[in-house]
Amino acid sequence: MADRYELAYVHARVAGSLAKSLAGGRAAELLRIGRLEDAWRAAFGDAPPSLPEARLVAAAEARALRKAQADFVRLAEGLRRDEPFFDALRRKSEFARVKRVLLAVRRGEAACPEALDPGLAPGFDEHAFPSLPGMFAGGRYGWIDDACLADLPAAENRLDCQFYRELWAALDSVPRRHEGGLHCLVALEVELENVIWALRLARYFGLDLSAIRKLLVDLPGRDVISAALDGAARAGAAPGADAPPSAASGRPRAARAPSDSGRKPGYEGWKFAFLVQNPSATRSPDPRDIERAARGYLYRELKRSLHRAPFSYAPLYCYFKLKEFETAVILGLVEGIHLGAPAAEIAALAPVGGSL
């Protein structure tokens, strides 16, 4: 069991590591870089491999993800290495890998996508690729079968819900004296993810509230859904907008207002009205703008929480999440440079507007 000395040591290492990372304020510097090779050097501190640009982008993405995962594992080693909550956090990369496996099988690819956290024991039989029953039968992903290939978005949504429910359940293993507000932080993350997802489903795909409700993450003992449904109802009151391809057909669908006869125009009175630039406006804002505001809000909450309970597991969780933000900046940077996007558009790809 970790003691106060170990936790204080980990907190100091977390603070020191973040001071040298993008989360310490170097994002704006990187976002001014215009060459992919220079971006690689700035992000990783060494020369890029000699690869065609498209492959260099893929290599940069893989390295950023592996580095974030390895940095977290290195810090967590100072505490209980068998802590279920830390394992549940680490397994997020495996849930992402399972999504890549499903896509690879549907595309008929020859090799199983590799793990980005090779130190974590796999939760499925990777050697059985490309047989989905052979890979996943009997394990935590035992519900995955060939039928999932017909609706990958539905399978991905179920994986997202499963990850958060497993993470929430793993919190039960954290001693009360080391909890440090983890339940509130995880619940906030899930609630904001639900808000973003619900607004997109209402605005772009025209789903009603009952259909949206089925696609949100529910956590036992905590209401993380009501605010999302309230926001979706308000989003549905806006006039129709251009819709992206639907998950099933690949064709645009006209938006349809969620069925809620009691909805109010605008976002005044909504729990997350502060994410909306003009809450009293009758026209609903673009969900992407609310998403950027939500990411920034979560980032600031994580930064504040980093030092609130130094003798708990909260700093390590905050570190894990802040490294995700840093990785998102790197991915947005290299992809934006590769696509030749203007600097302002590249900055918009950063989860907090490029000003970490």
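The sections below describe a predicted model.

## Packing of α3 against α4

Helix α3 spans residues 36-44 and helix α4 spans residues 53-76. The two pack at an angle of about 10 degrees, and their axes lie 11 Å apart. Because angles under 35 degrees count as roughly parallel, α3 is roughly parallel to α4. The crossing of α3 past α4 is left-handed.

On the α3 side, the contact is formed by Leu36, Trp40 and Phe44. Helix α4 contributes Glu53, Leu56, Val57, Ala59, Ala60, Arg63, Ala64 and Lys67. By class, the residues of this contact comprise eight nonpolar and three charged, with no polar residue.

## Packing of α3 against α14

Helix α14, residues 314-339, also packs against α3, here at an angle of about 165 degrees and with the axes 9 Å apart. Angles over 145 degrees count as roughly antiparallel, and α3 and α14 are therefore roughly antiparallel to each other. This crossing is left-handed.

Leu36, Ala39, Ala43 and Phe44 represent α3 in the contact, facing Ile330, Leu333, Val334 and Ile337 of α14. The contact of α3 with α14 holds eight nonpolar residues, with no polar and no charged ones.

Arginine 222 is located in the loop that runs between α11 (209-213) and α12 (226-236). Its relative accessible area is 31%. Since values under 20% count as buried and values over 50% as exposed, arginine 222 is classed as partly exposed.

Leaving aside residues up to four places away in sequence, arginine 222 touches Trp168, His183, Cys184 and Ala187.

## Cysteines and disulfides

A disulfide is a covalent bond between the sulfur atoms of two cysteines. With a pair of cysteine sulfur atoms within 2.5 Å as the criterion, the count for this model is zero disulfides.

Cysteine 112 has a relative accessible area of 21% and is partly exposed, whereas cysteine 161, with a relative accessible area of 5%, is buried.

Definitions and conventions
Residues are numbered from 1 along each chain as its sequence is written. This is a predicted model: local features need pLDDT of at least 70, side-chain atom pairs count only at pLDDT 80 or more; totals for chains, interfaces and linings use all residues. Side-chain values use heavy atoms; hydrogens and water are left out. Buried means under 20% relative accessible area, exposed over 50%, partly exposed in between (1.4 Å probe, protein chains only). Axes are lines fitted to C-alpha atoms, for helices over the stretch in contact, and angles run from 0 to 180 degrees between N-to-C directions. Helices (H or I, at least four residues) and strands (E, at least two) are DSSP runs, numbered from the N terminus. Angles under 35 degrees count as roughly parallel, over 145 as roughly antiparallel, 65 to 115 as roughly perpendicular and the rest as oblique. A crossing is left-handed if the near helix is turned anticlockwise from the far one by less than a right angle, and right-handed if clockwise. Contact means heavy atoms within 4.5 Å. Ala, Val, Leu, Ile, Met, Phe, Trp, Tyr, Cys and Pro count as nonpolar, Asp, Glu, Lys and Arg as charged, and the others, Gly among them, as polar.
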